[in-house]
Amino acid sequence: MEIPPRTTETLLKKLLQNPSEENYEQMAAFISGAGYEDFISSLKRNNTLSIIFLKNYVQRWIDSNTLQNFYSEEFITFLIQCCIEGVISNSNWVHVADFLEVLSNNYLISEQTVQLLIDRRVENQRVFILIDSVFKKYTVHPRSNRLFAEINRSIEMFFPVFVELFFTPAIIDEVDKAYQEVLVSAQRVMLGESNELIHTTLKARFDTDQEYILSIFYSLTYQDIHPYFEDNIQHFLKIFFILFNQNQIIVNQIFDLFISKYPEITNFDLIILTLSRIDTLDGLIVNTLTNAFNYSRSFPAVILGFLRRTLRISKMEDWLTTTQNLVRGNDVQRGFVHRLIRLLNCDVHAFEGEPKFFVAAVLRFKDQSLLNEAFSAIKTMNTDTSLIFTIFRYLLTVQEYSECNLEYLNTDVRFICMKYLSNFLKSKDAYHRDILLSSRIFNHSSGLQSVSPNALTSYLGLDVNKVLSILTASLDEFSSELLFRIVKCDETLLTPLLYDIITRLFKNILKIPLTSLTYILDIYILLSIKLKRYNLELIETIFNEEMIDFYNVCFLYISVLMRETDVKQNFILQILSQDELWKTKELHSGLSFILISAYEMGIINRAQIESISQFLDGYTKILVLHKLSIQMTGEYTEEENYLVNGIFDGNWFLESFMNKKYARLVLKKLVRDENVPIPIKQKVIEKNLINVEYENVLHSIVKYFDI
C-alpha cells in the first residue's frame, strides 16, 4: 500500500481534526524544511486552512522565537501583495487582518509596511481592512512613550488619506449642506419622525469600506487627541452624522469615546441629532445618547420624539423569566433607557398605550387619572398582553392595588398578575397588628382600633384550585407565594387535601426553586401543625440529595418535627455539632430554632446555649436569648437590651423608631410587661405598628414559636 506524500493540505486537515502537540510539531517541521515552498504555494492558491494556520500560531512562533521567516518583513509584504492583487479572496482578508493584528501587537509591523498599505489603497480600497487591523492595538495597549511615538507617526502617514476622503472643497460643501439641512429639519425629528437624511454623494463614495475608515479614526484618537483631529473635529463629527445609518456601531463608539475623553471639543447637539435617528432601541447607542444629553440637556423635544418612536416592548418568549427579572429589579429588555427617561423627566401623558405606563413606572409617577386608567384596564379582559403586563408592573412599582380580572391567570401575564395579587394581599395583611390591638391595653384606647378578620380573598374572588394548578404545572415562585398569601388570610383552607397535594409536589423537589420551596414549606408546616401529619421522608430526601440550598428551611421544619414527633436526639446533636453548618450564616436562622427546641426539650443546657451563641449573628443571637429568657451582658442596642435583659428605656422608645427586625419581638414582650405603664405601651406600639408584619422568618415558625 502506497503512503500518500505529506503536503500542506493533508497535514493541515490532520491538525484541524486533532490539534494535538504531535500534529502541530509535524506541521511546523514540514513548513520549516522541505515543505516551505509547498506552504507558500498553498497561500498563492488562496488556501483558507493555510491562512487560518498563520493567524492561529504566529503568536506561538513569536513567543518561542521560531519560524521567523513567517513573520519577517519579506513575508508580510508577500502576504499583503497577495491580498491587493486578488490572489487571496475577499473572504480570507479577515484572517490576514487577524494575522497582521497579532504582529502589530508585538510591534512587528514596520513604518515601511504601514506606508506600503497606505500607498496601495488606490489599487484596492479593501486595504483599509488591513490598516485597521494594524492600528487596533492603540485601543488596547497601555500608555507608553513608544506607543505614543508610533501613534503620532501613523497619524502623520494616514492623515493625507483623511484629507483626500473628507476635506476636498466639494466634500466640505456637501457635508456643510447636509448638516444645515438636518438643523432645518430638526422640527420633524421633534415630532417623532425618523430622520433618514443621508447624502447619496458621500454614501456612494464610501459604500464599501467606510466602516474600516471610521474604525481607523477611532484607533488613532483613542489614546489622545492629535492637533490634526482637534482642529478639524467639528467637520469629522458632521461626517460621522452622515455615515451613521450604515455604520451605527463604530460611529457610536467614536461618540462615546469623545464624550468620555474629550468633552471640551465635542459637539453634543450634533451627537444627539445623530443618535436619535435610530428607530429601534439599542442599549449601547441609548447609553451614549444619554451621556450626551446629560452633558448638554439640549433638544429635549428630539429626545422625547425618539422615545415616543422607539419605546415599543419586543415580543417576550419567556414570561416567567421576564417577570422574575423585573421583580428583582432587572429590566433586561429596556433597562438601559431608564436613565434617559429620568434625565428627560418628561410628561408621562405625552406617551400613549404601553409606553405611557412603562415611562410612568420608571419615573414612579402617579396621578389619579393614570391610576384610574390602569385599574380600568386590569378589570376588563384585554388581549394586548404587553400593555397589561406593563400596567401590572406599573401598579407594583407605585404600590397601588385594586381587584383585577382573574381571567388573566389563564394568559401569558399570569405570573406578574399573581405577583400583583400577592402584593395586594400582603399590603392588607394585619395578622400581627390584629393580635396586638386585641390585647387588653387597647380596650379603652381612643386611638387605634383592631381590624376585622381579612376577607380580601373573597372580595378578590381568588380560586385556590386555579392557583394550585399553575403551581403544579410550573413550580414557580409567584403561584407558591400567592397560595401562601391566600392560606394566611384564610386558614380554613388548610385541609388534608391540600396537604396531600403538596406532598405530591415534593416528589419533584429537585425541580422546585428555593424561593418557591420556601413558600410551599411555610404552608406545609402550617398544615403539619394543624393536621398533626408530618413528612420525615422530605427531610431524608433533602439530606440524602445534599440539597444544601434547602438546608435552612429544612432546619426550620426539623425544629417543629422534633417537638411533635419522635426525632432521635442523636440526629439533633449531630446537626448542632457540625462546625461547617455554624460557619454558614445563611443557616443560622434554621439552626437557631433547632437550638430553641433542643433547649426547651432538655437536649442541651444553658452553658451550651451560651457557648453556641457566640457564633450567631446579631438578630439570631438576640432571638435565641430572648426566647429562652437567658440574660447575658454585652454591647446591645436599646431594643436588644430590652429583649435580652429586660432593661426598658422609656424615653428612647418614645422618641425613636425601632429596627423593623426587632419591632414585633419588642411589642409582644411589651404587651406582657407589667413594669411598663399602659400609656407608654400604647404610644410605643402605635408608633411601631408599621413594622410588625415584617417577614424575616417563615410565618408558620413565627406562629408556632410565638415570636
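**Figure 1. Charged side chains and overall build of the predicted chain.** The chain carries 68 positive and 85 negative side chains, and the centres of these two sets lie 5 Å apart; Lys and Arg count as positive and Asp and Glu as negative, while His and the chain ends are not counted, and each charge is placed at NZ of Lys, CZ of Arg, CG of Asp or CD of Glu. This is a predicted model, in which local features need pLDDT of at least 70 and side-chain atom pairs count only at pLDDT 80 or more, whereas totals for chains, interfaces and linings use all residues. Residues are numbered from 1 along each chain as its sequence is written, and side-chain values use heavy atoms, with hydrogens and water left out. The chain has 43 helices and 0 strands, where helices (H or I, at least four residues) and strands (E, at least two) are DSSP runs numbered from the N terminus. Of the 707 residues in the chain, 52% are buried, a word that here means under 20% relative accessible area, with exposed meaning over 50% and partly exposed lying in between (1.4 Å probe, protein chains only).

Figure 2. The domain assignment gives domain 1 (1-141), domain 2 (144-273), domain 3 (535-611) and domain 4 (638-705), with bounds that come from an automatic or database domain assignment. Between the C-alpha centres of domain 1 and domain 4 there is a distance of 76 Å, and the C-alpha atoms of the chain fill a box of roughly 95 × 75 × 50 Å, taken along the principal axes.

**Figure 3. Helix α39 and its cover.** Helix α39 spans residues 638-645 and is mostly covered, since 7 of its 8 residues are buried; these are Glu-639, Glu-640, Asn-641, Tyr-642, Leu-643, Val-644 and Asn-645. The cover over the buried residues of α39 includes α38 (618-627), α40 (650-655) and α41 (660-672), where contact means heavy atoms within 4.5 Å. After α39 comes Gly-646, which has a positive phi, near 75°.

**Figure 4. Ser-154 in helix α9.** Ser-154 is found in helix α9, which covers residues 145-166, and this serine is buried, with a relative accessible area of 2%. When its neighbours within four places in sequence are left aside, Ser-154 is in contact with Phe-135, Tyr-138 and Leu-220. The C-alpha atoms of Ser-154 and Leu-116, which are 38 residues apart along the chain, are separated by 12 Å.

**Figure 5. Ser-386 in helix α24.** Ser-386 has its place in helix α24 (residues 385-398) and counts as buried at 19% relative accessibility. Not counting residues up to four places away in sequence, Ser-386 touches Ile-313, Trp-319 and Glu-354.

Figure 6. Most residues other than glycine have a negative phi.
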